[in-house]
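Hello,

Here is the structure I promised to pass on to you. Please have a look at it first, and then read on for what turned up.

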Amino acid sequence: MEKEALAELLKKELIIGYVYGLDGESQEFYFEKSPSGIASFIMLKKEHADKMVLTDTLDRLVLDTFGEFINRCPDQRLLKGITKELVPMQQGEKEPVNIPIVSVDEALEFLSHGSQKRAWIYCRIDAPEDTHGALKGQKKELMDYSEQMGFVVVGESVDIGSELDFDRTGLAEVMKAAGNGIMDVLLVKKVDCLKRDTAKLLELQRGLDQLGIELYSPLEGQIQLEYQSPSLSLQ
């Protein structure tokens, strides 16, 4: 795949497709998430597939198959959309779409040797629900900032509600992605979106620093952690 096309693909919301062959070998691919794309991927890879497992980039199951037939799909709304596309393809009434598909190895090689850093977007609001579209505004601001900085966005997570503990779902996804080596940069609107308690914020930032993850904000630029003794402070 051409570098420009690969860079564009990696900005999308991606599916990881694990294809297990009849010979016992397996292959891993990235492609864009959509009902049509998922149906097309299944049909394009069915010939030598014993089974397929499709996940998101955090290893959460999207669906699995026996050959070209869906076995499980937890998201019933998504399943309905996929089935609408897949069944006509299986019956020969419709051709699979020739979607961009890249092997995981090729994508990781591109990201590791390319000039673009991989960015993860984290959005958070204190309100119990997003009645005014604040999350959408945060995401757009961070996407625009990522483009301005030359980063490629590889994932995103969100938390809604007041800060009650350190194990928010969205923040847990951030740390899992960081631990899995998926990203190089974490983007937040401002640093206190992560944690308002200074000690816990420093603890979280230290963890990111140890994993080699840089922290950026469109309001604050690159956020550096400075270690002092006996205490720590942010610069």
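A word on pairing before the strands come up: two strands count as paired if DSSP finds at least two bridges between them. Please also keep in mind that this is a predicted model.

With that rule in hand, strand 4 and strand 5 (residues 69-72) qualify, as three bridges join them and they run antiparallel. One of the contacts to look at is threonine 65, whose bridge partner in strand 5 is isoleucine 70.

The hairpin of strand 3 and strand 4 has five residues between the strands, and aspartate 59 takes a positive phi near 65 degrees in it.

On to strand 1, which is joined to strand 3 by six bridges in the antiparallel sense. Glycine 17 is the residue opposite leucine 54 of strand 3.

What order do the strands of the six-stranded open sheet follow? The order is 5-4-3-1-2-6, and the pairing is antiparallel. Strand 5 and strand 6 (101-103) are the edge strands, each pairing on one side only. On average, neighbouring strands of this sheet are turned by 30 degrees against each other, direction ignored. Helix 3 (residues 76-90) packs on the sheet and touches strand 4 and strand 5, with its direction at about 155 degrees to that of strand 5.

There is also an open sheet of five strands, with the order 8-7-9-10-11 and mixed pairing. Its edges are strand 8 and strand 11 (221-223); each has a single partner strand, so one side of each is left without a neighbour in the sheet. Neighbouring strands here are turned against each other by 30 degrees on average, direction ignored.

Within that sheet, strand 7 (residues 118-125) and strand 9 (residues 185-187) run parallel and are joined by three bridges. Tryptophan 120 has leucine 186 in strand 9 as its bridge partner. Helix 5 lies across strand 7, strand 8, strand 9, strand 10 (214-217) and strand 11, and runs at about 155 degrees to strand 7. Helix 6 (residues 169-179) packs on the sheet as well, touching strand 7, strand 8 and strand 9, and its direction makes about 150 degrees with that of strand 8.

Now for the aromatic rings. The count comes to three aromatic pairs. One of them is formed by phenylalanine 29 and phenylalanine 41, which are edge-to-face at 6.0 Å centre to centre, with 65 degrees between the planes. Phenylalanine 29 sits in strand 2 and phenylalanine 41 in helix 2 (residues 35-44), so the pair ties together parts that are 12 residues apart in sequence.

The largest pocket holds about 480 Å³ of space. Its lining has 21 residues, and Glu13, Leu14, Lys33, Asp56 and Glu156 lie nearest its centre. Strand 4 (61-66), helix 5 (134-149) and strand 8 (152-160) are the elements that give two or more residues to this lining. Which element gives the largest share of the lining of the largest pocket? That is strand 8, with four residues. By class, the lining of the largest pocket has 10 nonpolar, two polar and nine charged residues.

The second largest pocket has about 250 Å³ of space. It is lined by 16 residues, and the closest to its centre are Ile16, Tyr30, Val104, Leu108 and Ile182. Two or more residues of this lining come from each of strand 1 (14-21), strand 2 (26-32) and helix 4 (104-113). The lining of the second largest pocket divides into 10 nonpolar, three polar and three charged residues.

Enjoy looking through it, and do write back with any questions.

Best wishes

Conventions
Residues are numbered from 1 along each chain as its sequence is written. This is a predicted model: local features need pLDDT of at least 70, side-chain atom pairs count only at pLDDT 80 or more; totals for chains, interfaces and linings use all residues. Side-chain values use heavy atoms; hydrogens and water are left out. On a 1 Å grid over the protein atoms alone, a cavity is a set of points where a 1.4 Å probe fits but cannot get out, and a pocket is an open set with protein on both sides within 12 Å along at least five of seven lines; lining residues have an atom within 4 Å of a point. Grid points are joined across faces, edges and corners, and a volume is the space filled by probe spheres set on the points. Ala, Val, Leu, Ile, Met, Phe, Trp, Tyr, Cys and Pro count as nonpolar, Asp, Glu, Lys and Arg as charged, and the others, Gly among them, as polar. Axes are lines fitted to C-alpha atoms, for helices over the stretch in contact, and angles run from 0 to 180 degrees between N-to-C directions. Contact means heavy atoms within 4.5 Å. Rings of Phe, Tyr and Trp (its six-membered ring) pair if their centres lie within 6.5 Å; planes under 30 degrees apart count as stacked, over 60 as edge-to-face and the rest as tilted.
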